[in-house]
Amino acid sequence: MGQEKEPPRLPDGGFAAWSRDRLGLARRGAEECGDVWELEPGVYVAAAAGPCEAVLRRAHDFPKASSPLFPPLNLKRSSGAPAPTPEERAYAHAARMRGLRAQAVAARIGEIAPRSARFADQWPTGQDIEILPPVRHTLAEIGVSYLFSEDAPALLPHAAQLFLAREVLVRPSRWVWPRWVPTPARRFRTRQQVAFTEALRPVVHRRRSSGRLGDDMLGQMLRPSPHYGLLPEEAVLDTLPGITVATFETPSRAAAWILLQLARHPRAADRVAAEAAVLPADPAATTGSHLAGLRYTQALVSEVLRLYPPSWLLTRQAPRQTQLADYTIGAGSTVLVCPYTAHRDAREFSEPDRFRPERWLGDVGSPEKPGLFLAFGTGPHGCEGTSLAMAMLTLLTAQTARRYHLSEPPGPEPGYRVTTLEGLAPVGLRLRATSRD
């Protein structure tokens with residue numbers, strides 16, 4: 001889930017100036033300065049694989065920021081219910097995880113696959129289209145349906161507004177306002193969060209009163225626990241805006257990079273298409289076994305996530321003095337973890353800049369084993385939606401390659417621009433689909 005970050009104040013004109021070249025800066029810094037380097041006093045960059053993993057796993061030394069993009073609406077309660085306790089929030093997280101674990105995702109592949117196939121079916125052939133918006137819409141349909149099943153259509157418009165609020169909130173600004181200042185972006189965020197919550201509240205009431213809780217993630221959260229009992233309504237509602245956006249926001253960026261690589265590497269795309277040919281003619285008949293059989297497709301997805309991790313820079317803060325590599329990190333210092341450079345560490349990956357999906361196949365007798373993979377984070381704060389994201393991306397990739405050859409518009413320059421704020425995305429990417437038939 002995205003976080004509302006306070007970026008480092010840099011001596012060359014501030015965050016706005018730094019942001020224009022921060023991806024190149026990270027790569028050059030990793031090459032010129034070593035595994036860990038000091039960007040400015042109190043701001044460090046973990047660039048190599050080892051230190052990146054250490055920071056993410058040492059959650060006690062480098063905890064994740066405590067300000068969620070969609071914070072609990074404790075001051076906006078319309079129900080009069082008390083705010084959830086820390087224990088109730090922990091139970092809400094555990095209940096949410098039950099609905100996102102690998103076994104739960106595998107059991108619902110037949111619900112995910114049809115929408116992935118529909119995306120491919122509806123791609124207009126013979127014309128260049130901007131691909132990120134329809135990808136995002138498709139993955140939002142899949143993600144929101146996975147969370148809320150038959151109630152998804154009523155909640156999908158609110159999820160779209162939550163995404164817009166997120167985009168407005170993380171937009172670069174010359175000023176870094178304290179979190180308590182009600183800026184226009186934060187007020188817009190709160191309005192959309194309230195609207196989503198109030199649309200979801202009657203769904204919770206109806207499911208609980210009828211006893212038909214559902215088998216989706218919301219249903220998992222509404223079931224009583226032998227240890228905690230029934231989760232309070234406010235604890236359920238507080239935890240859902242962020243995870244709703246997270247199910248499609250980051251995967252959309254990844255899917256755009258994947259489709260671009262299908263266009264740039266036609267032999268790899270042909271191999272995905274051949275593998276996908278064994279999928280059922282009726283996408284609803286797709287099972288977890290079919291998904292597991294898409295080995296090369298999953299390898300291609302992993303390779304693209306390695307080269308273009310959607311969350312390329314993660315922020316952690318040291319509450320007390322600690323050691324990282326050769327540096328003593330002072331209390332209050334910021335550590336920027338860079339999966340982009342960690343994934344291009346030659347000590348972890350041979351030919352690190354080369355697109356080679358085969359490195360992930362793990363065939364018996366293969367001399368190569370892939371290195372550290374941080375596209376979904378790692379450690380206590382690793383992405384809880386990893387299994388869902390991989391299922392969505394794998395099926396979308398397979399169904400698209402099965403039907404089409406993809407190509408970029410002709411020209412000397414890429415038909416997109418790379419943005420790096422809050423994530424690595426090819427904005428404005430245009431692709432053309434030509435039927436394989």
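Q: Which residue of β7 is the bridge partner of A46?
A: In this predicted model, A46 is bridged to V337 in β7.

Q: What makes β2 and β7 a pair, and is their sense parallel or antiparallel?
A: Two strands pair if there are at least two bridges between them. Strand β2 (residues 43-46) and strand β7 (residues 334-337) have 4 bridges, so they count as paired. Their sense is parallel.

Q: Why are β1 and β4 called edge strands?
A: The open sheet of 4 strands is ordered β1-β2-β7-β4, and its pairing is mixed. Because β1 (36-40) and β4 (314-317) each have a single partner strand, one side of each is left without a neighbour in the sheet. From one strand to the next, the twist averages 30°.

Q: Which helix lies across β1, β2, β4 and β7?
A: Helix α3 (residues 49-57) does, running at about 120° to β7.

Q: Is C338 buried or exposed?
A: Buried means under 20% relative accessible area. C338 has 0% relative accessibility, so it counts as buried.

Q: Why is C383 called partly exposed?
A: The class covers values between the 20% limit for buried and the 50% limit for exposed. C383 has a relative accessible area of 38%, so it falls in that class.

Q: What makes R347 exposed?
A: Exposed means over 50% relative accessible area. R347 is at 59%, so it counts as exposed. R347 lies in the loop between α16 (339-342) and α17 (386-403).

Q: Which residues is R347 in contact with, leaving aside its neighbours within four places in sequence?
A: R347 is in contact with D35 and A48, where contact means heavy atoms within 4.5 Å. R347 and G50 are 297 residues apart in sequence, yet their C-alpha atoms are 9.8 Å apart in space.

Q: Why is α12 described as largely enclosed?
A: Of its 16 residues, 14 are buried, so α12 is largely enclosed by the rest of the structure. Helix α12 (residues 249-264) reaches 24 Å from its first C-alpha to its last, close to the 22 Å expected at 1.5 Å a residue.

Q: How does the reach of α9 compare with what is expected at 1.5 Å a residue?
A: Helix α9 (residues 184-210) has 27 residues and reaches 40 Å from first to last C-alpha, close to the expected 39 Å. G211 follows α9, with a positive phi near 80°.

Q: Which residues form the covered face of β8, and which the uncovered one?
A: In strand β8 (residues 404-407), Y404 and L406 are on the covered face, while H405 and S407 are on the uncovered one. In a regular strand the side chains alternate between the two faces of the sheet.

Q: What makes β8 and β11 a pair?
A: They are joined by 4 bridges, and at least two are needed, so β8 and β11 (residues 430-435) count as paired. The two strands run antiparallel. One of the bridges takes S407 to R432 in β11.

Technical notes
Residues are numbered from 1 along each chain as its sequence is written. This is a predicted model: local features need pLDDT of at least 70, side-chain atom pairs count only at pLDDT 80 or more; totals for chains, interfaces and linings use all residues. Side-chain values use heavy atoms; hydrogens and water are left out. Axes are lines fitted to C-alpha atoms, for helices over the stretch in contact, and angles run from 0 to 180 degrees between N-to-C directions. Buried means under 20% relative accessible area, exposed over 50%, partly exposed in between (1.4 Å probe, protein chains only). The expected span of a helix is 1.5 Å times one less than its number of residues.
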